[in-house]
Amino acid sequence: MSSEAARRIVVTGATGNVGTSVVRLLSEDPEVGSVLGLARRIPDWSPPKTDWAAVDLAAERGDLAELFAGASAVIHLAWAFQPTHDPATTWRTNVLGGLHVFEAAAAARVSKLVHASSVGAYSPGPKDHAVDESWPTHGWPDAAYCREKAYLERVLDTFDRAHPRVRVVRMRPAFLFKRESASEQRRIFGGRFLPGPLARPELLPFLPDIPGLRVQALHTDDAATAYLLAVKSDVRGAFNLAADPPVDAALLGEMLGARPVRLPRTAARSAIAAAWGLHLLPASPHLFDAVLRLPIMNCTRARTELGWHPERTAPEVLEEFLQGLQQGAGADTEPLRGRKVG
């Protein structure tokens, strides 16, 4: 890719878990001339070659095309996980905001659009063997997160046909973790008052072994590498991103020295539903239902067409994340700000 072609990259959601890793890699790459990070709140963080603009995708429309003007690529990462009790609010940010980004990219004649989809966009699938990118992407309809990711997949199907000159790439990563995201993810999924120091092996004499709870993980920096490779190549289409091995109770028990104990799905779901209904737990029981049905992904296409290989295994990713939880780790942006509770 020529330096001219890579002169300017725009990143939405640039201060979050994935955005900070993507912006850092772009700013360090000699083939990237400049980066424009879009976020609701401009951070104190100032990586090289990077400018910032305050944008709320739930409200912005007309100004986006002006911000995208002259960009060779737009990487769309912005996403709101909460409030889970008000799916209309997340729909405005995630779906309507996504539509605004896609329309603005076409209006600004951006040649590359890289969109953060997710394993959560996939329809229920197998846990005993891996599926490739041709697996249906209709999500789990009861979970707002999956419903919104799947809806944007349908939008991009239409966008691809209407704007063939725009090279659209859809990244479908597994669960993404890094040390700096620990405080944010604790707040999003466990609640702002859940003490991070509780995530200690000695406090976990046993682990719940729930049927279907077998998922994949990936270090956020490894996912960011895939985004960079997509910007710097001529690929288009969808790419699964995950590290080996898949994570289940047996692997976690071995990591933490805890004994897996079988727990029925109904018992686990009832406890989550009760806590969510009382506003004690941000993660909804509908998302729990979806996680139990997510397929295991085959990442061959990312390896062969992007030349992408994760540097960290899933256990290494989880070990780093757990240490971050215990230490209240974060970064110098508002979403990732470290806050230790307990």
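Reader: Which helix holds Val 22?
Author: Val 22 sits in helix α1, where helices (H or I, at least four residues) and strands (E, at least two) are DSSP runs numbered from the N terminus. The model is predicted: local features need pLDDT of at least 70, side-chain atom pairs count only at pLDDT 80 or more, and totals for chains, interfaces and linings use all residues. Residues are numbered from 1 along each chain as its sequence is written, and side-chain values use heavy atoms, without hydrogens and water.

Reader: Why is Val 22 called buried?
Author: Its relative accessibility is 2%. Buried means under 20% relative accessible area, exposed over 50%, partly exposed in between (1.4 Å probe, protein chains only). Val 22 therefore counts as buried.

Reader: Which residues does Val 22 contact, leaving aside its neighbours within four places in sequence?
Author: Val 11, Ile 75, Leu 77, Ala 224 and Tyr 227. Contact means heavy atoms within 4.5 Å. Val 22 and Ala 224 are 202 residues apart in sequence, yet their C-alpha atoms are 4.8 Å apart in space.

Reader: What makes a nonpolar core, and which residues touch the most other members of the largest one?
Author: A nonpolar core is a set of buried Ala, Val, Leu, Ile, Met, Phe, Trp, Tyr and Cys residues joined through side-chain atoms within 4.5 Å. The largest has 41 residues, and Val 11, Val 22, Leu 26, Ile 75, Met 171, Tyr 227 and Leu 306 touch the most other members. Elements that each supply at least two residues include β1 (8-12), α1 (17-28), β4 (73-76) and α6 (220-231). The largest share, 7 residues, comes from α6. A second, separate core of 27 residues includes Val 10, Ala 78, Ala 104 and Ala 105.

Reader: What does Tyr 227 touch, not counting residues up to four places away in sequence?
Author: Val 18, Val 22, Ile 75, Leu 77, Val 114, His 115, Ala 116 and Met 171.

Reader: How do you know that Thr 12 is buried?
Author: Its relative accessibility is 1%, so Thr 12 falls in the buried class. Thr 12 lies in strand β1.

Reader: What makes the pairing of Thr 12 and His 76 a polar contact?
Author: A polar contact is a pair of N or O atoms within 3.5 Å; within protein, one must be able to donate a hydrogen and the other to accept it, and residues adjacent in sequence count only if both atoms are side-chain atoms. The side chains of Thr 12 and His 76 make such a contact at 2.7 Å. A polar atom of the Thr 12 side chain also lies 2.9 Å from the backbone nitrogen of Leu 77.

Reader: Why does Trp 140 count as partly exposed?
Author: Its relative accessibility is 21%, so Trp 140 is partly exposed. Its place is in the loop between β6 (130-131) and α4 (144-162).

Reader: What makes α5 mostly covered?
Author: Of its 9 residues, 8 are buried. Among them are Glu 184, Arg 186 and Arg 187. The cover includes α1, β8 (175-177) and α11 (314-327). After α5 comes Gly 191, with a positive phi near 105 degrees.

Reader: What makes a space a cavity, and how many of 30 Å³ or more are there?
Author: On a 1 Å grid over the protein atoms alone, a cavity is a set of points where a 1.4 Å probe fits but cannot get out, and a pocket is an open set with protein on both sides within 12 Å along at least five of seven lines; lining residues have an atom within 4 Å of a point. The structure holds 1 cavity of 30 Å³ or more. The largest cavity has about 40 Å³ of space. Its lining includes Val 119, Lys 127, Arg 214 and Met 297.

Reader: Which residues lie nearest the centre of the second largest pocket?
Author: Phe 81, Thr 84, Ala 144, Tyr 145 and Ser 284, out of 22 lining residues. The pocket holds about 240 Å³ of space. With 4 residues, α4 gives the most to its lining.

Reader: What sets Lys 49 and His 279 apart in backbone terms?
Author: Most residues other than glycine have a negative phi, and most peptide bonds are trans. Lys 49 has a positive phi of about 60 degrees. Phi of His 279 is also positive, near 60 degrees. His 279 is exposed, because its relative accessible area is 58%.

Reader: Which residues does a cis peptide bond join?
Author: One joins Gln 82 and Pro 83, with omega about 5 degrees. Another joins Asp 244 and Pro 245, with omega about -10 degrees.

Note on methods: Grid points are joined across faces, edges and corners, and a volume is the space filled by probe spheres set on the points.
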